[in-house]
Amino acid sequence: MNKEYQNEGIGTDILNNLLIKNKQKGLKTKLKVFKNSPAKKLYERLGFSVYGENKSHYQMENKYSSGDSYIFLCCRFIFKINILYIKK
């Protein structure tokens, strides 16, 4: 994210809205984040915890989401959130 827009609450608002919608739809929310990314702290504040990892990434799941299906997010930039797949 461009430095001038960091720490303004934009990422928090976008992800909170997405988490609310996913919960209403009965979808678990999962994502992966680079191990050296400061975004990991944001995800932890929003209720995500690590459930797996590989050499470069942590795999995280939101503990407040529920359901048998899940949505996997790839967050590269705050205004570009790719929904990779929904597994049922």
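This is a predicted model: local features need pLDDT of at least 70, side-chain atom pairs count only at pLDDT 80 or more; totals for chains, interfaces and linings use all residues.
I began with Lys 30, which counts as buried at 13% relative accessibility.

**Entry 1. Overall layout.** I listed the secondary structure and found two helices and five strands. Read from the N terminus, the order of elements is α-β-α-β-β-β-β. I then looked up burial for the protein as a whole: 33% of its 88 residues count as buried. The exposed surface comes to about 6,200 Å², and carbon and sulfur atoms supply 49% of it. I also examined contacts between residues at least 6 apart in sequence; 51% of these join residues at least 24 apart.

**Entry 2. Salt bridges.** How many salt bridges does the structure hold? I found three. Side chains of opposite charge can pair when their charged atoms come close.

I returned to Lys 30 and looked for its partner. Its side chain meets that of Glu 61 in a salt bridge, with an N to O distance of 3.9 Å. This pair links distant parts of the chain, since Lys 30 belongs to strand E1 (residues 27–34) and Glu 61 to strand E3 (residues 57–62), 31 residues apart. I checked the accessibility of both partners: Glu 61 is partly exposed at 23%, whereas Lys 30 is buried because its 13% falls under the 20% limit.

Next I inspected Lys 35 and Glu 53, whose side chains form a salt bridge at 2.5 Å, N to O. Lys 35 sits in the loop between E1 and helix H2 (39–45), while Glu 53 is in strand E2 (residues 48–53), so the bridge ties together parts that are 18 residues apart in sequence. For Lys 35 I noted a relative accessible area of 31%, which makes this residue partly exposed.

The remaining pair I recorded is Glu 44 with Lys 40, where the closest N and O atoms are 2.6 Å apart. Both residues lie in helix H2, four residues apart, about one turn of the helix. Glu 44 is partly exposed, its relative accessible area being 38%. Lys 40, at 18%, counts as buried.

**Entry 3. Nonpolar core.** Which residues make up the largest nonpolar core? I found 10 residues in all: Leu 15, Leu 19, Leu 31, Val 33, Leu 42, Tyr 43, Leu 46, Phe 48, Tyr 58 and Met 60. Helix H1 (10–24), E1, H2 and E3 each supply at least two residues of this core. In soluble globular proteins, nonpolar side chains tend to be buried together.

**Entry 4. His 57.** Is His 57 buried or exposed? I found this residue buried, with a relative accessible area of 12%. His 57 lies in strand E3. Its side chain makes a polar contact with the side chain of Ser 56 at 2.7 Å. Again leaving aside neighbours within four places in sequence, I recorded contacts of His 57 with Lys 32, Val 33, Phe 34 and Lys 35.

Conventions: Residues are numbered from 1 along each chain as its sequence is written. Side-chain values use heavy atoms; hydrogens and water are left out. A salt bridge is a side-chain nitrogen of Lys or Arg within 4 Å of a carboxyl oxygen of Asp or Glu. Buried means under 20% relative accessible area, exposed over 50%, partly exposed in between (1.4 Å probe, protein chains only). Contact means heavy atoms within 4.5 Å. Accessible areas come from the Shrake-Rupley method with a 1.4 Å probe; for residues, only the protein chains shown count as cover. A nonpolar core is a set of buried Ala, Val, Leu, Ile, Met, Phe, Trp, Tyr and Cys residues joined through side-chain atoms within 4.5 Å. A polar contact is a pair of N or O atoms within 3.5 Å; within protein, one must be able to donate a hydrogen and the other to accept it, and residues adjacent in sequence count only if both atoms are side-chain atoms.
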